[in-house]
Every structure is written in structure tokens, then in C-alpha cells.
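Colleague: Please take a close look at one part of this model for me, the shell around the ligand. I would be glad if you set it in the context of the whole chain and its domains before you go into the details.

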Amino acid sequence: SLEGKTAVVTGSNSGIGLGVAKELARAGADVVLNSFTDSADDHAIADAIAQEFGVTARYIQADMSSAEECRALVEKAGRCDILVNNAGIQHVAPVEEFPIDKWNAIIAINLSSAFHTTAVAVPQMRANGWGRVINIASAHGLTASPYKSAYIAAKHGVVGLTKTVALETAEDPITANAICPGYVLTPLVESQIPDQMKTHGMDRDQVVREVMLARQPSKDFATVEQMGGTATFLCSDAAAQITGTTISVDGGWTAL
Ligand code: NAD
């Protein structure tokens, strides 16, 4: 059980981050949710998790594109035993047309944020005598596709950061690993299916198999619950010697 542990999950008012926060709460962890907004809905998500799982759940607003706000998030959490760096954005364009502001935002949110939160969390973990750093990278942290230069550079960077942090904490009871999802069925992905059906003149099953999951051999999406389950496993005693590595949850994508 993760009772008594506090998990800070960046970018967790939707999608994978929310799924991971829920599974960690199900395992007994107190959770800190985050995004850059500060709406009643954001706080209501935390309240619902507290209700459902009987843990303490808080929502703390912080923009992961800002070094100061990343660091302040971990400080405001007060305690961080499990750090899940999940916040991420995407932009698709050929490298010669890739907007500079999009490049900078993706590097800041998808890569640098993990550096800033980790820098504040690791000393706390050392002081508390236990810690888990879990970075949500991607199959695109291990392989590439055209037109996603910033995202793929950032995700490869996250994998490198993960290995380095693992070596620096190797003799502490702390591990650092990256989860590399393939295509995950989140509300955002779900919402793209009707458009794709129209564009390609295909039914849902065809769009999923032939367009969206063209590179995912299982021809099935991974789920946010599976990401949460993998994160929970990385927090278990069974995973205490798993550090500095990547766990692909990608239906065979990176085996191709
Ligand atoms: P999503 O858009 O549902 O979630 C992204 C989260 O990050 C949201 O909660 C959003 O509010 C937050 N966020 C965005 N910008 C932020 C900022 N500046 N500050 C704080 N929070 C911010 O997408 P998702 O699919 O759940 O993605 C989560 C992570 O998983 C990302 O790092 C993404 O790259 C990675 N990933 C997703 C997939 C997939 O198929 N969905 C596959 C591989 C990796």
C-alpha cells in the first residue's frame, strides 16, 4: 500500500495524468493534481478522488512552462514521495517550418519541467528515505516519426534525464524510470476519431486499426488505467531495483 506517501502528478486534470493519479490514490497514496488552469472543475476533480479513495487529494495550479512554477509546485505540495512528470503538449510541422515558440514551449513543458520538479523533489526523497521518480515519456522517446521534431527531441531528452537521475540516486532508496506509452485512449484521442472517420471515409474500427494504430501491432489502444497500474508497480517493493530504465506500454510499437 502507498498509504502515507504523497504523489505529485504534473498535468493531471485530464488524460494519462488523471488516470495515474487515480490509480496511485486507489493504492492509498495522497495525491497532488496539477495543471496551468485554476477552475472549480480542477478542484472538483481532486475532491472526487478524495471521496472515492479516502485519501487526501489537492489541486495546485502551476504552469509547467515556467521554471519557477515547476519548482513552486513541489514546494507547495509540502511532501513529494512519488513524482510523476506527465505534463505534455504536441505540435506537428516539418522541421523547416516548425514555429520557434512551439519548439520552446514543447521543450519547456515536456522536458525542462521534469528537470525542475526533480531538482526540488530528490532532496525531499533523500530526507524521507524513499522516493520514486516516474517520467511519462513515449514510444517517441525511443523511436521517431516525421514532423514531430520538438516532441521527439523532448521525449528522448526525458529518457536521458531519467537515466542520469537514476545514477545520481542509485545508492539511495530512490528509483527513476520512464514509462513509454504507445497510443493511449484519452478523451483527446477519442475526440479525434469522428473527424478521422469523415476524413478517411472509414468506420470507427477501420480508423482505429488502419490510421491511428497503424504503428501499434496490438491494434488496440493502451488505457490510462494501464499507465496508472504501471506507475503503481514502479512504486512497489518488487520494483525497488528497477531504475534508470524505460517500460514500454505500447502494444509492441517499439518491437517493430
Ligand atoms: P492530455 O492533453 O489529456 O494531458 C496533458 C496534461 O498536461 C493535461 O492535464 C494538461 O492540462 C496538462 N498541461 C498542458 N500544458 C501544461 C502546462 N503548461 N502546465 C501544466 N500542465 C499542462 O494528454 P495525455 O495524452 O494524457 O498526455 C499526457 C502525457 O502522456 C504527455 O506527456 C504525453 O506526451 C504523453 N503521451 C501520451 C500518449 C497518448 O497516446 N495519449 C502517448 C505517449 C505519451
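Modeller: Happy to. Among the contacts in the protein chain between residues at least 6 apart in sequence, 72% join residues at least 24 apart. Please keep in mind that this is a predicted model. The protein chain holds eight helices and seven strands. Its radius of gyration is 18 Å, close to the 18 Å that the globule rule gives for 256 residues, so the protein chain is as compact as a globular protein of that length. Along the principal axes, the C-alpha atoms fill a box of roughly 55 × 40 × 35 Å. Of the 256 residues, 47% count as buried.

The protein chain is divided into domain 1, which takes in 6-184 and 222-248, and domain 2, which covers 186-221. Between the centres of domain 1 and domain 2, taken over C-alpha atoms, there are 26 Å. Where the two domains touch, nine residues come from domain 1 and eight residues from domain 2. The side of domain 1 that touches domain 2 has five nonpolar and four polar residues, and no charged residues.

Now to the part you asked about. Why does the shell around the ligand lie between the two domains? Domain 1 and domain 2 both give residues to this shell, so it lies between them. The shell counts 26 residues, and Gly11, Gly15, Ile16, Met64 and Gly88 come nearest to the ligand. By class, the shell has 12 nonpolar residues, 13 polar residues and one charged residue. Helix H1 (15-26), helix H4 (100-128) and helix H6 (187-200) each supply at least two residues of the shell. H1 gives the largest share, three residues.

Helix H7 spans residues 204-212, and Val211 lies in it. Leaving aside neighbours within four places in sequence, Val211 is in contact with Gln196 and His200. Val211 and His200 are 11 residues apart in sequence, and their C-alpha atoms are 8.7 Å apart in space. Is Val211 buried, exposed or partly exposed? Val211 counts as partly exposed because it has 15 C-beta neighbours inside 10 Å, whereas a buried residue would need 20 or more.

Most residues other than glycine have a negative phi. Lys219 is not a glycine, yet it has a positive phi of about 55°. Lys219 sits in the loop between H7 and helix H8 (224-234). With 14 other C-beta atoms within 10 Å, Lys219 is partly exposed. Tyr147 is not a glycine either, and it has a positive phi of about 75°. The loop that holds Tyr147 runs between strand S5 (131-136) and helix H5 (149-168). Tyr147 has 13 C-beta neighbours inside 10 Å, so it counts as partly exposed.

To come back to your request, the picture to keep is of a ligand shell that takes residues from both domain 1 and domain 2, with H1, H4 and H6 each supplying at least two of its residues.

How values were computed
Residues numbered from 1 in each chain as written. Predicted model: local features only at pLDDT ≥ 70, side-chain atom pairs only at ≥ 80, totals over all residues. Domains from an automatic or database assignment. Contact = placed C-beta atoms within 7 Å. Nonpolar A, V, L, I, M, F, W, Y, C, P; charged D, E, K, R; others polar. Helix = DSSP H or I, 4+ residues; strand = E, 2+ residues; numbered from the N terminus. Buried ≥ 20, exposed ≤ 12 C-beta atoms within 10 Å, placed from the backbone. Rg over C-alpha atoms; globule rule 2.2 N^0.38 Å. Near = placed C-beta within 6 Å.
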